[in-house]
Structure formats: C-alpha cells, structure tokens
Amino acid sequence: MGAVMGTFSSLQTKQRRPSKDKIEDELEMTTVCYRPEGLEQLEAQTNFNKRELQVLYRGFKNECPSGVVNEDTFKQIYSQFFPHGDASRYAHYLFNAFDAAQSGSVKFEDFVAALSVLLRGTIREKLRWTFNLYDINKDGNINKEEMMDIVKAIYDMMGKYTYPVLKDDAPKQHVEVFFQKMDKNKDGIVTLDEFIECCQEDDNIMRSLQLFENVM
C-alpha cells in the first residue's frame with residue numbers, strides 16, 4: 001500500500017491548489033468524458049468525496065492516459081518503488097486483487113474502490129481485502145502454499161538490501177507461525193472468518209500485516 005498511499009499523498013497536496021486549478025480539474029472531468037453522475041455514484045460507493053475523486057481521477061489519467069492499467073504497467077510501477085528487489089511476482093498478485101472483475105485491466109473504478117478500503121475502510125474491510133489478496137485461486141480459502149507464494153513474493157520485492165538482513169528460511173517461518181495461529185481447526189486451510197478472528201485477536205499478527213500493508 002505504500003506505493004498507492006504515496007500517490008494518494010501527492011494527490012492530496014494537489015487539492016490545496018488555487019481555485020483556478022479547481023476549474024481546470026472540473027473542465028478536464030468533462031473533456032475526458034467522465035460525467036458528473038459517475039462521480040456521484042462513486043462518491044456513494046466509496047469513502048471519498050467528489051473533490052477527492054476529481055483529484056484522484058486527474059492523477060490516474062495523468063499516469064494512465066488510456067484510462068486503464070494492465071499488468072505490465074503495474075509491474076513497471078512497482079519496480080520503480082522497489083529497485084533493489086524483484087517486484088514482478090508481488091505486483092502480479094496485487095494486480096489480481098485490484099482487478100476485482102478479473103478483466104485483465106484495472107479501471108479507475110477498480111482503483112478507487114480498492115483505495116477506499118485500504119485507506120479509509122474499517123479493520124474488517126481491510127482484513128477482507130487482504131484475505132482476497134492471499135487467496136490466489138479465489139476459492140474462498142487460503143492454503144499454506146498460497147500464503148507461502150505471497151510472503152515469498154513480498155520478501156523477493158524487499159530485496160537483499162533490507163535491514164536487518166532476512167534469512168533464506170524467513171518466509172517459511174513466517175507462514176508456519178501464521179498458520180499455527182490461524183488454522184484453528186487444523187484442516188489445512190484458513191477461512192475468511194478464521195483469518196479475521198485471528199488477526200483481530202492477535203496484536204503481533206496485526207502489526208505484521210500492517211508492515212505488509214506498506215507494500216500494498
């Protein structure tokens with residue numbers, strides 16, 4: 001989430017520009033064919049107001065003139081934020097989480113819906129979104145292999161220059177600890193209810209997930 005929040009922070013700064021820029025923003029919203037009723041619908045569906053949505057859309061269009069983001073673009077963005085590691089695999093999983101409709105591209109609506117949850121959602125909403133990220137095959141459960149894939153992807157992205165230096169078996173140890181606590185009935189999978197219940201009850205897991213949020 002650090003990359004996304006960085007973008008959002010820069011956009012928030014733009015909200016404090018002179019009023020003439022506000023007029024330009026609103027003019028751009030009409031010239032790029034994003035009608036006001038679309039903004040009103042998104043305002044009702046997200047935790048952003050209309051002005052914030054205008055600024056977010058302006059930034060989205062600046063970065064993605066075509067109006068959509070494909071997976072290759074997503075990977076390029078993350079490679080810039082994590083130059084000392086390999087961000088491609090994590091970017092792949094994150095792209096799939098943003099692409100809720102599994103259409104192969106992320107539209108502004110997808111982007112702002114995810115951003116609304118990650119930045120302003122309730123704890124339960126954030127945990128549900130994180131669960132969906134870990135649930136790679138989207139079958140409604142997380143198995144140990146899926147969690148290992150995600151955690152390894154995060155460690156790969158962080159790179160070898162992290163401090164303290166991570167041991168080679170760190171991802172496996174991380175997953176083992178998670179599963180011991182989350183898989184309450186020991187059936188080899190973690191359900192959404194188990195995931196949310198365990199995270200909310202365990203401060204250590206919450207802190208760990210918050211660290212991983214920095215790369216979402």
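I take a residue as exposed when its relative accessible area is over 50%, as buried when it is under 20%, and as partly exposed in between. By that cut-off E201, at 56%, is exposed, and I note at the outset that the model I am reading is predicted.

**Salt bridges.** I searched the whole structure and found seven salt bridges, and I followed up some of them.

E201 and K184 meet through their side chains at 3.9 Å, N to O. E201 sits in helix α11 (residues 192–201) and K184 in the loop between α10 and β4 (189–191), so the pair ties together parts that are 17 residues apart in sequence. K184 counts as partly exposed at 39% relative accessibility.

I next looked up R120, which forms a salt bridge with E52, with the closest N and O atoms 2.9 Å apart. Since R120 belongs to helix α7 and E52 to helix α4 (residues 50–63), this pair ties together parts 68 residues apart in sequence. R120 is partly exposed at 33% relative accessibility, whereas E52, at 10%, counts as buried.

**Second largest pocket.** I read a volume of about 200 Å³ for this pocket, and its lining includes F98, D110, R128 and W129. The elements that give two or more residues to that lining are α6 (88–98), α7 (108–120) and α8 (123–134). I sorted the lining residues into seven nonpolar, one polar and three charged.

**Annotation.** The unreviewed UniProt entry places the feature "domain: EF-hand" at residues 86–121, 122–157 and 170–205. Over residues 86–121 I find 67% helix and 6% strand, with the end C-alpha atoms 29 Å apart; for residues 170–205 the chain is 72% helix and 8% strand, and the end C-alpha atoms lie 15 Å apart.

Conventions
Residues numbered from 1 in each chain as written. Predicted model: local features only at pLDDT ≥ 70, side-chain atom pairs only at ≥ 80, totals over all residues. Heavy atoms only, no water. 1 Å grid on protein atoms, 1.4 Å probe; cavity = no way out; pocket = protein on both sides within 12 Å on 5 of 7 lines; lining within 4 Å. Points joined across faces, edges and corners; volume = space filled by probe spheres on them. Helix = DSSP H or I, 4+ residues; strand = E, 2+ residues; numbered from the N terminus. Nonpolar A, V, L, I, M, F, W, Y, C, P; charged D, E, K, R; others polar. UniProt positions renumbered as here; feature names shortened; annotations may be inferred. Salt bridge = Lys/Arg side-chain N within 4 Å of Asp/Glu carboxyl O. Buried < 20%, exposed > 50% of the residue type's maximum accessible area, 1.4 Å probe, protein only.
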